[in-house]
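Colleague: I'd like to learn how to read a model like this one, feature by feature. Could you take me through it?

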Amino acid sequence: MDGIGGETASAAAPLSQWQHDISRLYQYYLDKTTPHAVYRWIGTLFVVAIYALRVFYIQGFYIVSYGLGIYILNLLIGFLSPLVDPEMEVSDGPLLPTKGSDEFKPFIRRLPEFKFWYSFTKAFCIAFVMTFFSIFDVPVFWPILLCYWIVLFVLTMRRQISHMIKYKYIPFSLGKQKYGGKKPSAGSSISNND
C-alpha cells in the first residue's frame, strides 16, 4: 500500500516543474515588454497583417473574423471607458470631474493599455490558429457581416463619444502639459532702457 500514487507523483513532478519554469520565463519576457509600447504595437500590427493575408489568401473564415471584430470592439469599449462610470454607480473613490470647479482626478481606464494590447494580440493569434481548422470555415455571405459590424461599430462609438462629452473626459493624453510662464499684460510692460 506504500507504493500507491508514489510513482505517479514522482513522474508528474518534473512535468509540473517544467510547466512552472516555462510560465515564469514567459512572464519574465512579457514584463520586459511593458515599457516598450510602440514596439509592442508594431509587433501586433505584424501579427494582424499576417492574419489578414491568411484570410485574404484562403478566401474564408469570415465568421472567425467577424467574431474577432466583435471581441476587438468590446476591448476598445473597455479601453475608452473610465474605471468608475459616473452614470452607473456612486463611489467613494476617484470620480471624473463634472464641473470646472471640481478637483482634477486623472482618467483611469477600465481596461489598461497593456491588458488591451495583450488581449488584442492574443485574440489575433488564436484567430490565426483557428484558420488552420476547416470546422471554423462556416460559409457565410461576408458583405452582410461586414455591414453589420460597421453599423455596430458606428452605433457603439457614437454612444461612447456622447458619454465622453456628457461627463467631460478624454481617454487619451498627449503627454505632460508644460507651463508656459506668465504672460505680460499690456499695462505692465515698462521699459528699463532709460
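Predicted model: local features only at pLDDT ≥ 70, side-chain atom pairs only at ≥ 80, totals over all residues.

Colleague: Then which residues is leucine 75 in contact with, leaving aside its neighbours within four places in sequence?

Modeller: Leucine 75 is in contact with Leu111, Phe116, Ser119 and Phe120, once those sequence neighbours are set aside. Leu75 is itself one of the buried residues of H3.

Colleague: Let me step back to the overall fold. How many helices and strands does the protein have?

Modeller: The secondary structure comes to five helices and zero strands, so along the sequence you read α-α-α-α-α. The protein has 194 residues, of which 23% count as buried. As for contacts with a separation of 6 or more, 84% of them join residues 24 or more positions apart.

Colleague: How do I read the packing of two helices, say H3 and H4?

Modeller: You look at the angle between the axes and at their distance. Helix H3 (residues 62-80) and helix H4 (residues 113-130) pack at about 175°, with axes 10 Å apart. That makes H3 roughly antiparallel to H4, because an angle over 145 degrees counts that way.

Colleague: Which residues of H3 and H4 meet?

Modeller: From H3 come Val64, Leu68, Tyr71, Ile72, Leu75, Leu76 and Phe79; on the H4 side they meet Glu113, Phe116, Ser119, Phe120, Ala123, Phe124, Ala127 and Met130. Sorted by class, this contact has 13 nonpolar residues, one polar and one charged.

Colleague: And at what angle do H3 and H5 pack?

Modeller: At about 5°, again with axes 10 Å apart. H3 and H5 are therefore roughly parallel to each other. In H3, Tyr62, Ile63, Tyr66, Gly69, Ile70, Leu73, Leu76, Ile77 and Leu80 meet residues of H5, including Trp142, Leu145, Trp149, Phe153 and Thr156. The class count for H3 with H5 is 15 nonpolar, three polar and no charged residues.

Colleague: What can I learn from the length of a helix?

Modeller: You can compare the span of its C-alpha atoms with what 1.5 Å a residue predicts. The 19 residues of H3 should span 27 Å, and the end C-alpha atoms of H3 are 27 Å apart, which agrees. Helix H5 (residues 142-166) has 25 residues and reaches 36 Å from first C-alpha to last, close to the 36 Å expected.

Colleague: Which helices do the buried residues of H3 and H5 pack against?

Modeller: Those of H3 pack against H2, H4 and H5; they include Tyr66, Leu68, Gly69, Ile72, Gly78 and Phe79. In H5 the buried ones are Leu145, Thr156, Met157, Gln160, His163 and Met164, and the buried residues of H5 pack against H3.

Colleague: Why does threonine 156 count as buried?

Modeller: Its relative accessibility is 14%, and the cut-off for buried is under 20%. Not counting residues up to four places away in sequence, threonine 156 touches Leu73 and Ile77.

Colleague: What about the nonpolar core?

Modeller: The general idea is that in soluble globular proteins, nonpolar side chains tend to be buried together. Here, the largest nonpolar core has 19 residues, and those with the most contacts inside it are Tyr51, Leu68, Ile72, Leu75, Phe116, Phe120 and Phe124. Helix H2 (37-58), H3 and H4 each supply at least two residues of this core, and the largest share, nine residues, comes from H3.

Colleague: Is alanine 49 buried or partly exposed?

Modeller: Alanine 49, which lies in helix H2, counts as partly exposed at 37% relative accessibility. Alanine 49 and phenylalanine 124 are 75 residues apart in sequence and 9.9 Å apart in space, C-alpha to C-alpha.

Colleague: Last one: where should I look for positive phi?

Modeller: Phi of glutamine 59 is near 60°, and phenylalanine 61 has a positive phi of about 60° although it is not a glycine. On accessibility, glutamine 59 counts as partly exposed at 49%, whereas phenylalanine 61, at 4%, counts as buried. Also check just after H5, where lysine 168 takes a positive phi of about 55°.

Notes
Residues numbered from 1 in each chain as written. Heavy atoms only, no water. Axes fitted to C-alpha atoms, helices over the stretch in contact; angles between N-to-C directions. Helix = DSSP H or I, 4+ residues; strand = E, 2+ residues; numbered from the N terminus. Parallel < 35°, antiparallel > 145°, perpendicular 65-115°, else oblique. Contact = heavy atoms within 4.5 Å. Nonpolar A, V, L, I, M, F, W, Y, C, P; charged D, E, K, R; others polar. Core = buried A, V, L, I, M, F, W, Y, C linked by side-chain atoms within 4.5 Å. Buried < 20%, exposed > 50% of the residue type's maximum accessible area, 1.4 Å probe, protein only. Expected span 1.5 Å × (residues − 1).
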